[in-house]
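Please look over this two-chain entry before reading on. The report below walks through its parts.

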Amino acid sequence: MDPKAIGILYWREIRSALRDRTIVTNSILLPIFLYPLIIWLVYTGMTFVSGQNEGLKSRIMLKNFPASHETLKREFERDQSVILVTSSDPPADLRTGTLDALVEFAPIQSALPTANNFTARITYDESRDASSQARLRATQKISRYRENYLEQQALKVGLSRAQYQNFWIDDRNVSSGREVGALTVVLPIFFIIMLAVGSMHPAIDSTAGERENSTWETVMTVATSRANILVAKYLYVATMAFTAAFLNLFAMIFSMGTVLGPLFGSNLSLRIPLASAPVVLIGALLLALFVAGGMMILASFARTYKEGQAMTSPFYIALIIPVMFLQTPGVEFTPRIALIPVANVMMMIREAFQGVYHWRPIGITLAVETACVILALRVAMLVIRHEDFILGSYNGSFGKFVKERFFR
Amino acid sequence: MNEPVVVRNLRKTFYDEGRGEIKAVDSVSFECHEGEIFGLLGANGAGKTTTLRMLSTILAPTSGSAAIMGHDVIRNPEGVRKNLGFYSATTALYPRLTTRETIDFFARINQYPADLVQERVDYLIDRFALAKYADARIEKLSSGMKQKVSIARTIAHNPSILIFDEPTVGLDVLNALDVQETISELRSEGKTIIFSTHIMSEAERLCDRIAIIHAGHILACDTLAGLRQNTQQHYLEDIFVQYVKSGHATQ
C-alpha cells in the first residue's frame, strides 16, 4: 500500500464527484433537502387532514337517553360540531354513511346509592373517517361529563375527587434526555437509506462510469498497484456514503426541530445524547465501509451506468428489508440481532440515540461489521485478479462470475 | 538486455465460450532501439493491441517475457508503468477534470518529482498551446484539444518509452497530422516510441523500423528500405500484402 498514491487517486475521485450533478444531487443535496422536505410535507398534510376533520359535522343519534343526565344531552345539543339525528334503521344508515355514530344508553341495575349509573355503547364504522371522528367526539363528551359528575358527587359527601376515587394511577416518565418518540425510530431508517443512496452513484461512477467513459484503461496504466487504485476508489465511495448519511442526520434533526417540533410540542424531544457520538460514528463508519464494498463489487461488473444501477438495486433493497423488519414493535437489541449485518448497526444507533448501551451486542455488532468489511475487500481483491474483469470484457453479473470462476 | 524495450516469445491466449482457446499473440519477439519509432503494422485483430497491452502491463502474458527499461512486465509492473506512457483510443481522459488538473494528476500518480510537477504542467500547457483551455473541463473541449491533452497526460511524467496504439483513429486529417508531428518531435527529444497502426502512410512517414504483425505472429521486422529490398516492392501497402499472403501460405 502506498498512502501517497492512494491520496492522489482519492482526491481525484472526490474532485470529479463534486463536479457531477447526479452524485452531488444524490449524495449531498438529497440527504440535506429531500427527506426533511418529505417529512415536512407528510406532517403538514396530516395536520391539514386533521384540520379538515375538525371542521366535519358529526351526525350522532342518541338512543334511550337517561332522563337524569339532561346536562349531558344539552352539551351534545350545544356542540356546533355535532348534529343530533334520528334513524329508523341505524345499522343501515351507518353503512350508507347518513349516520356517523349511534350512542345507546342503558341503565345499570345496582343496589348501590349511585342509582343513576349507565353504560353508553357507541356503534360506528371505523372504515370511515367521519364515523371515527364522531365516535371520538361522543367518547370525549361523555368522559368529560363523567369527570364533572364524579367531582360533584365527591363534593356532596365532603371528599376530594382523588379521595372519592380511592385508586389512582400516577405515571412518571424517567426518560428525560433520552427521547423515546418518533425521532429515534425514524432517524436510523433514514440513516441506512442515505448510506445506500449516498454510496450507490459514486460506486457506479468509479467503476461502470469509468468503463463507459473509457477511463478505466487509463487508470490501469498509471504507475501504482491495482490494490492502491482499488483502495482509493473504495475510500471515496465510503466517504460519500458516510457524508450522505451524516448530512441527512443533521438535516433531519434541524428540520424536525424547527418545523415539526412546534407541531408535536413536548412529544417530540430532539435531544440526542452527546455520549452516543462515538458509538454512532464507529457504527456508521463500519457500515459505510461495508455498504461501499458491496456496492462497488456489484457495480464493477457493469459496463455502463445503466447496467450499474440495475446491478446495485438488489443490494440496495437487501439493505432496506431488515431495517423495515426491525421496525416491528418489541424488537430488542439482543446478541442474536447483533449477528445480522446492517440491522445490528441500526439497532445500535437507535439505542445510542436513546442513551442506552448494551455493550455485549455492541461488541458483536462491531465484530460482525468488521468481518463484513474484510470479506468485501477480500472478494474485491479476488475479482480484480481476473483479466477480463479488468478489461471490462467480462459479460455478466457478479453472481454469474462467482458461479463460473469459483464453483466450477 | 541494453535495449529499452525487449520482447521475447510473448504469447497471449484467451478463452472464449463460443470459439474456445484463441491465440491472440503467438511467439512475438522484437527489440526497440533508443530514440526510434518502432512501428507495429497490422490489420484489425492482428494482435497489435494485445501485444501493447501486455507491454503496458494491463494484460499478463500467457508465456514469454518483456522488459521496459530493464523492468520485467510480470515481476515489476509498477516499474514498467513508471517508465512508460501509454496512449490508445481506449485511454480517455476524466471529463470533469480541467486540463491543468489532468496533467497534474497524471504527473503525480506516475511519480514525477513532486517539487517539479508544477513546472512540468506549465511546460506541457505551453508546449501544446493549451493555455487558453488550461482551466476548462475536458468535457468542454473539442476532439482536437482532447487529443492534445491526452498526449500531454501520456508524457506528463516524462517517460522514456511511449506507446501509441492507433492514435489517429477517428481523427480528421489535420488533427491526425498534428499527432504525427508531435510523435515525430518526441522522437527528436530522444524518446523511444512504439507506434501501432493499420494505416500504411503513417507507418511509412513516421517509423524508423516496422514490424508487420498478422494473426498474432510477426512476419517481418526491418527498416522500410530493408522491407523494400526483401520484397522487391516499393509501396508499403504492397509489401504488407506480400508478407501477409506468404504468412498465410507458411501457416
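What follows covers each chain in turn, then the contact between them.

## Overall picture of chain A

This is a predicted model. Chain A has 16 helices and four strands. Of its 408 residues, 36% are buried.

Chain A splits into two domains. Domain 1 takes in 3-40 + 179-406, and domain 2 takes in 56-165. The C-alpha centres of domain 1 and domain 2 of chain A are 55 Å apart.

## Helix H5 of chain A

Helix H5 of chain A covers residues 129-156. How does its span compare with 1.5 Å a residue? Its 28 residues should span 40 Å, and the end C-alpha atoms lie 41 Å apart, so the two values agree.

Several residues of H5(A) are buried: Ser131(A), Gln133(A), Ala134(A), Arg135(A) and Ala138(A). Just after the helix, Gly158(A) has a positive phi of about 75°.

## Overall picture of chain B

Chain B holds nine helices and ten strands. Its C-alpha atoms fill a box of roughly 55 × 40 × 40 Å along the principal axes. A compact globule of 251 residues would have a radius of gyration near 18 Å; chain B has 18 Å, so it agrees with that expectation.

Buried residues account for 47% of the 251 residues in chain B. Of the contacts in chain B with a separation of 6 or more, 66% are between residues 24 or more positions apart.

## Strand E7 of chain B

Strand E7 of chain B runs over residues 161-165, and five of its five residues are buried. Which residues point which way from E7(B)? Ile161(B), Ile163(B) and Asp165(B) point one way. Leu162(B) and Phe164(B) point the other way. Both sets are buried.

E7(B) has a parallel partner in strand E6 (residues 84-88) of chain B, joined by five bridges. There, Tyr87(B) has Phe164(B) as its bridge partner. Strand E8 (residues 192-197) of chain B also runs parallel to E7(B), again with five bridges. In that pairing, Asp165(B) stands opposite Ser196(B).

## Positive phi in two loops of chain B

Most residues other than glycine have a negative phi. Met69(B) has a phi near 50°. Met69(B) sits in the loop between strand E4 (63-68) and strand E5 (71-72) of chain B. Is Met69(B) buried or partly exposed? Met69(B) has 18 C-beta neighbours inside 10 Å, so it counts as partly exposed.

Ala129(B) has a phi near 55°. Ala129(B) lies in the loop between helix H4 (117-127) and helix H5 (143-154) of chain B. With 10 C-beta neighbours inside 10 Å, Ala129(B) is therefore classed as exposed.

## Where the chains meet

Contact between the chains involves 20 residues of chain A and 21 residues of chain B. On the chain A side, helix H1 (3-17) and helix H9 (216-220) each supply at least two residues. H1(A) gives the largest share, six residues. By type, the chain A side divides into six nonpolar, eight polar and six charged residues.

Methods: Residues are numbered from 1 along each chain as its sequence is written. Chains are lettered from A and ligands numbered from 1 in the order in which they are written. This is a predicted model: local features need pLDDT of at least 70, side-chain atom pairs count only at pLDDT 80 or more; totals for chains, interfaces and linings use all residues. The expected span of a helix is 1.5 Å times one less than its number of residues. A residue is buried if 20 or more other C-beta atoms lie within 10 Å of its own, exposed if 12 or fewer, and partly exposed in between; C-beta atoms are placed from the backbone. Domain bounds come from an automatic or database domain assignment. Two residues are in contact if their C-beta atoms, placed from the backbone, lie within 7 Å. Ala, Val, Leu, Ile, Met, Phe, Trp, Tyr, Cys and Pro count as nonpolar, Asp, Glu, Lys and Arg as charged, and the others, Gly among them, as polar. The radius of gyration is taken over C-alpha atoms; the globule rule is 2.2 Å times the number of residues to the power 0.38. Two strands pair if DSSP finds at least two bridges between them.
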